[in-house]
Amino acid sequence: MLLLTRSDVKRAVTMAEAIEAAEAGLAAYSAGEAKVPVRTPVNTAGGVGLFMPGLIESRGAMGIKIVSVFAGNVSRGLPTVTALMVLNDVETGEPLVAMEAAYLTALRTGAAAGVAAKHLVRHNARTAVIFGAGAQARTQLLGLAAVREIEKAYVFDTNAEAAERFSAEMATQIGVMIVPGRSGSSASDADRIAAAIAEADVIIAATTSKTPVFDGRLVKPGTHVTGIGSYAPDMQELDENLVMRADLFFCDTKEGAWAEAGDLLKPLSKGVIARDRVNGELGDLVLGRRTGRTNDQQVTIYKGVGLAALDLATAKLVYDKAIKQEMGIRVDMLS
Ligand SMILES: NC(=O)c1ccc[n+]([C@@H]2O[C@H](COP(=O)([O-])OP(=O)(O)OC[C@H]3O[C@@H](n4cnc5c(N)ncnc54)[C@H](O)[C@@H]3O)[C@@H](O)[C@H]2O)c1
């Protein structure tokens with residue numbers, strides 16, 4: 001069996017390659033070809049282990065992702081979220097690889113947003129506004145920059161230092177001008193955010209917020225909005241105004257979004273939207289069963305909650321490329 005660390009996973013695939021794998025995973029899911037049983041949570045006194053198995057037979061990808069979320073780890077100087085992905089051989093069942101999966105998750109979430117951007121973001125988009133400056137925000141920007149020529153990005157975080165760190169790191173990594181700012185409640189913070197949104201071609205929300213992170217009324221025609229932070233009914237990043245007014249609304253998984261996304265469930269519970277609010281899944285766009293943006297005036301939304309088919313397709317690509325590049329450590333489990 002192969003063992004791959006985070007830096008192996010990072011070196012093994014480019015974002016452009018991860019976007020291709022995400023397309024395959026999303027298409028397999030929407031075509032009903034991926035077997036993705038419901039995620040099993042196991043609660044402990046200190047946190048939760050989330051066990052997410054799945055199979056995409058056509059990609060030769062079978063496995064499980066285990067994500068642990070232990071809030072108390074902060075006081076121990078440990079990450080709150082840790083994860084491992086195991087892939088098995090589809091013919092023999094043997095374990096093939098175990099890889100670090102916190103970065104894998106960020107990679108596939110950014111890649112799925114890259115797929116959304118291909119279909120929903122204007123070709124002449126140059127300016128992005130990002131809310132949240134954490135792990136997901138980084139790969140969100142990478143996913144967008146892989147498919148559109150982004151020249152400038154504003155990043156707003158409630159923690160101004162996190163936004164500064166993001167800017168320093170990402171500006172050198174991808175050569176985009178990045179302007180950091182605080183997402184606060186002062187008049188000057190609000191003015192800076194409003195000015196950035198007026199310039200934005202793309203807005204990305206990748207926060208842990210329970211309330212909307214910007215005023216949807218400020219979004220100009222032609223803008224695309226991606227929201228990937230809210231994954232529970234009590235979380236919300238996109239306000240109801242925006243969700244109601246968008247011309248197109250796509251999800252990674254309709255079932256998952258209607259089960260988990262506060263961005264949809266909160267307006268649904270108020271009766272201001274109905275279930276026909278969602279126009280389709282990204283897999284429908286990849287398969288050509290639905291059409292994405294058709295003009296430069298449409299406001300579009302992509303809401304992602306994550307799904308095992310993305311993990312499987314991306315992990316299989318990482319494994320295949322790691323084998324080719326002779327990366328990682330081989331362990332004989334039967335020795
Ligand atoms: N959709 C998916 O597939 C998917 C995948 C992985 C993670 N997530 C979710 O995405 C979110 C972000 O994950 P992460 O790993 O980047 O977390 P993180 O903790 O590394 O970063 C989140 C950042 O958001 C900031 N923030 C919180 N509220 C804010 C607000 N109102 N405005 C601006 N910034 C704000 C925090 O200060 C923090 O810097 C989490 O909720 C996570 O569970 C979703």
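**Ligand contacts**

I began with alanine 135: a polar backbone atom of this residue is 3.2 Å from an oxygen atom of the ligand. I took a polar contact to be a pair of N or O atoms within 3.5 Å; within protein, one must be able to donate a hydrogen and the other to accept it, and residues adjacent in sequence count only if both atoms are side-chain atoms. The model is predicted, so I note that local features need pLDDT of at least 70 and side-chain atom pairs count only at pLDDT 80 or more, while totals for chains, interfaces and linings use all residues. Residues are numbered from 1 along each chain as its sequence is written, and side-chain values use heavy atoms, with hydrogens and water left out.

I then looked up threonine 158, where a polar side-chain atom lies 3.3 Å from an oxygen atom of the ligand. For isoleucine 228, I found a backbone N or O atom 3.0 Å from a nitrogen atom of the ligand. Taken alone, the ligand exposes 870 Å², and the protein buries 76% of that. These areas come from the Shrake-Rupley method with a 1.4 Å probe; for residues, only the protein chains shown count as cover.

**Ligand shell**

I listed the elements that give two or more residues to the shell around the ligand: helix 3 (102-120), helix 4 (135-147) and strand 9 (152-157). Helix 3 provides the largest share, three residues. Helices (H or I, at least four residues) and strands (E, at least two) are DSSP runs, numbered from the N terminus.

The ligand has 23 residues around it, and Arg108, Gln136, Asp157, Ile228 and Gly229 come nearest. A residue counts as near if one of its heavy atoms lies within 4 Å of the molecule or strand in question. By class I noted eight nonpolar, 13 polar and two charged residues in the shell. Here Ala, Val, Leu, Ile, Met, Phe, Trp, Tyr, Cys and Pro count as nonpolar, Asp, Glu, Lys and Arg as charged, and the others, Gly among them, as polar.

**Helix 3**

I went back to arginine 108, which is in helix 3. Arginine 108 is buried at 7% relative accessibility; buried means under 20% relative accessible area, exposed over 50%, and partly exposed in between (1.4 Å probe, protein chains only). The side chains of arginine 108 and threonine 109 are joined by a polar contact of 2.9 Å. Arginine 108 is also linked with Lys65 and Asp311 in a network of salt bridges, a salt bridge being a side-chain nitrogen of Lys or Arg within 4 Å of a carboxyl oxygen of Asp or Glu.

Leucine 104 is in helix 3 too, and I have it as buried at 0% relative accessibility.

**Salt bridges**

My search of the whole structure gave 20 salt bridges. I looked at arginine 39 and glutamate 260, whose closest N and O atoms are 3.3 Å apart in a salt bridge. This pair links distant parts of the chain, 221 residues apart: arginine 39 is in the loop between strand 2 (34-35) and strand 3 (40-43), and glutamate 260 is in helix 8 (residues 254-260). Arginine 39 is partly exposed at 33%.

Next I checked lysine 210 and aspartate 234, which meet in a salt bridge of 2.9 Å, N to O. Lysine 210 is in the loop between strand 11 (202-205) and strand 12 (224-227), aspartate 234 in the loop between strand 12 and helix 7 (240-245), and they are 24 residues apart. Lysine 210 is partly exposed at 48%, as is aspartate 234 at 38%.

Aspartate 320 and lysine 316 form a salt bridge with closest N and O atoms 3.1 Å apart. Both lie in helix 11 (residues 308-324), four residues apart, about one turn of the helix. Aspartate 320 is partly exposed at 32%, whereas lysine 316 is buried at 16%.

**Strand 12**

I looked up threonine 226 in strand 12 and found this residue buried at 3%. Its side chain makes a polar contact of 2.8 Å with the side chain of histidine 224.

**Surface patch**

Last, I noted a nonpolar surface patch of about 510 Å², made by Leu3, Ile329, Val331, Met333 and Leu334. Patches are made of residues with over 30% relative accessible area and no salt bridge; like charges are joined within 9 Å, nonpolar side chains (Val, Leu, Ile, Met, Phe, Trp, Tyr) within 5 Å. Methionine 333 lies in the segment after strand 16 (329-330) and is exposed at 53%.
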